[in-house]
Amino acid sequence: MHSIESPLPPFQNVTERDYSKPELVELMEKALVKVKAEFNTFYPLFIDGKDVITAKEITSTNPARPTEVVGRVGCAGKAEAEMAIIAANKALPGWRATAPEKRAEYLMKAADLAEQDRDELSALMVYEVGKNWREADIDVCEGIDFLRFYAQEMIRLGTPTRLGHAAGETNYHFYESKGVAVIISPWNFPWAITLGMAVGAIVTGNTVLLKPATQSPIIAAKFVEIMQRAGLPAGVLNFIPGPGSEIGDYIVEHPNIHMIGFTGSKEIGCRIYRLAANVNPGQAHLKKVISEMGGKNGMIVDKEADIDLAAQSATISAFGFQGQKCSAGSRVIVLEDVYDEFVEKMVACAEKLTIGFTEDLNIYNGPVIDKNAYKSIKNYIEIGKKEGRCVFERDVTHLGDGFFISPTIIADIKPDAVIANEEIFGPVVAIIKVKDIDEAIEVANGTDYALTGGIISNNKETVERVIREFRVGNLYVNRKITGAVVSRQPFGGFKLSGVGSKAGGYDYLNQFMDPRSVCVNENA
Ligand code: NAP
């Protein structure tokens, strides 16, 4: 048994870019030009430390200008998935035996490399998924934070713990990696979430198959490149972009996969959870599933509240990145005493939002991710207009054929309405009137999800009660309900928002490992 002194500096969050500084604006402008000049580059699969070219390709386009090709990646089918599973199993014994501090070193190196490229990574997300500058920068910062935080955490968890002091025996406890992990990520935090799940698995000694979302494979390819540049051994990280509908079930059900780390929709997350429960021929283990899914997040506005703060917080929570955050505030639950004032002030806040092409620093809202999302969100808006009163919507037809949808506020929504219960994943918010705080809490808890929530109130007792009774993974008081920061606001929910310990928190890495304990008879 040995003890490890952390060789790493104490964890600190990366400072976000302050774009009021002209020199930082200049850096981002240059990055946008550079990334655009590299459009249409092809990124192959990466298996067992080697590029793998496939006959089929996935084309990634700009949702603001759907004919603009941001880049192309190889497209894995079952044959390539199988190659990746073989490579990951082959690399596993060596990687598992690699000392935790050595594994952490790769992450620290990758964090430095990513920090050097941070503006280009942000610029790529502006084009590939339509983030505005600040949202893209926040995504990049979160990913770099994950690298450094999980590296530090692995040093802590990699130290075996002595248990008790019984005479004549030594007892200790340590962790070992689970095996080969499949990581399946969404497009909405295409850098941070993809990276966070993958490096959580890697640093704990697992080998990985990474399948990013089909809408955002280029930023995922950039992550894989950075890990290559950091010197990660062959077979530890295998990159297999491919349609979930074609290779998803195959990799999830495969007997030589030991765990699945997934973030995405409730529909796919529940499917993975169910399929992974089967013990297939040749499989002598149960699979661990981490499944982080959707939300239908509510913000309560109390009668004793700063209504200006409430309106601003609700607007940012609902419309940041076009409402395409799992943490987005899609229901505002307002006490009747302040309802009319709140609605008026929220509309006034929404009127200040700028919509357009996000390569312009002054634009707040860009497009939604793709045609399917566009159609689904538009359909929900039509349903919402029948269920309530649309108090804010803008004409965005002048923006061309990109997938632009106006921020939309629908008031007078009943708690059982469709748009008050189903995750829309777009810039649509429902405002619900309630008579008192009892009803507000009941409505707030009345969905299948439990991800984020908020309370705007100046009454201490009300705040304390809401903290106790509004049961969500992340609760925010007198502020927006999005924007969790690694280590300060560990992130994740429960109910149908998912199973798993919070990303960026102190329990996160444990999920990727099996605990073992040893008892040595010292009198033998
Ligand atoms: P999605 O449609 O569920 O896709 C997520 C991933 O699953 C993609 O890589 C997708 O691949 C893959 N997939 C599709 N079918 C599959 C199958 N049969 N087996 C295995 N994988 C399969 O979700 P999304 O639209 O990308 O992301 C939006 C959702 O993610 C929202 O519901 C949001 O709330 C949730 N989310 C949750 C969190 C959280 O921390 N709780 C964070 C972010 C997002 P393809 O792209 O190839 O189909």
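Reader: Why is the largest pocket said to lie between domain 1 and domain 2?

Author: Domain 1 (28-36 + 44-59 + 71-293 + 500-518) and domain 2 (297-485) both contribute residues to the lining of the largest pocket, so it lies between them. The bounds of the domains come from an automatic or database domain assignment. The model is predicted: local features need pLDDT of at least 70, side-chain atom pairs count only at pLDDT 80 or more, and totals for chains, interfaces and linings use all residues. Residues are numbered from 1 along each chain as its sequence is written, and side-chain values use heavy atoms, with hydrogens and water left out.

Reader: What makes a residue part of the lining of this pocket, and which residues are the closest to its centre?

Author: A pocket is an open set of points on a 1 Å grid over the protein atoms alone, with protein on both sides within 12 Å along at least five of seven lines, and a lining residue has an atom within 4 Å of a point. In the largest pocket 50 residues form the lining, and Trp187, Gln215, Gly264, Ser265 and Ile268 are the closest to the centre. Its volume is about 1,500 Å³, a volume being the space filled by probe spheres set on the points, which are joined across faces, edges and corners. At least two lining residues come from each of β4 (57-62), α8 (244-253), β11 (259-263), α9 (266-276) and α12 (371-387), where helices (H or I, at least four residues) and strands (E, at least two) are DSSP runs numbered from the N terminus.

Reader: What makes a space a cavity, and how many are found?

Author: In a cavity a 1.4 Å probe fits but cannot get out.

Reader: How do you know whether Ala201 is buried or exposed?

Author: Buried means under 20% relative accessible area, exposed over 50%, and partly exposed in between (1.4 Å probe, protein chains only). The value for Ala201 is 0%, so Ala201 is buried. Ala201 belongs to helix α6 (residues 192-203). Beyond its neighbours within four places in sequence, Ala201 is in contact (heavy atoms within 4.5 Å) with Ala181, Ile183, Asn206, Val208 and Phe512.

Reader: Why do Gln322 and Asn478 fall into their accessibility classes?

Author: Gln322 has 1% relative accessibility and therefore counts as buried, whereas Asn478, at 27%, counts as partly exposed. Gln322 sits in the loop between α10 (307-319) and β14 (329-335), and Asn478 in the loop between β20 (474-477) and β21 (494-495). Phi is positive in Gln322, near 60°, and in Asn478, near 55°. Most residues other than glycine have a negative phi.

Reader: What makes a set of residues a nonpolar core, and which members of the largest one touch the most others?

Author: Such a core is a set of buried Ala, Val, Leu, Ile, Met, Phe, Trp, Tyr and Cys residues joined through side-chain atoms within 4.5 Å. The largest has 114 residues, and Tyr150, Trp191, Phe223, Met227, Leu237 and Ile300 touch the most other members. Helix α5 (residues 133-157) gives the most, 13 residues. Domain 1 and domain 2 each provide at least three residues of this core. A second, separate core has 32 residues, including Met299, Val301, Phe342 and Ala484.
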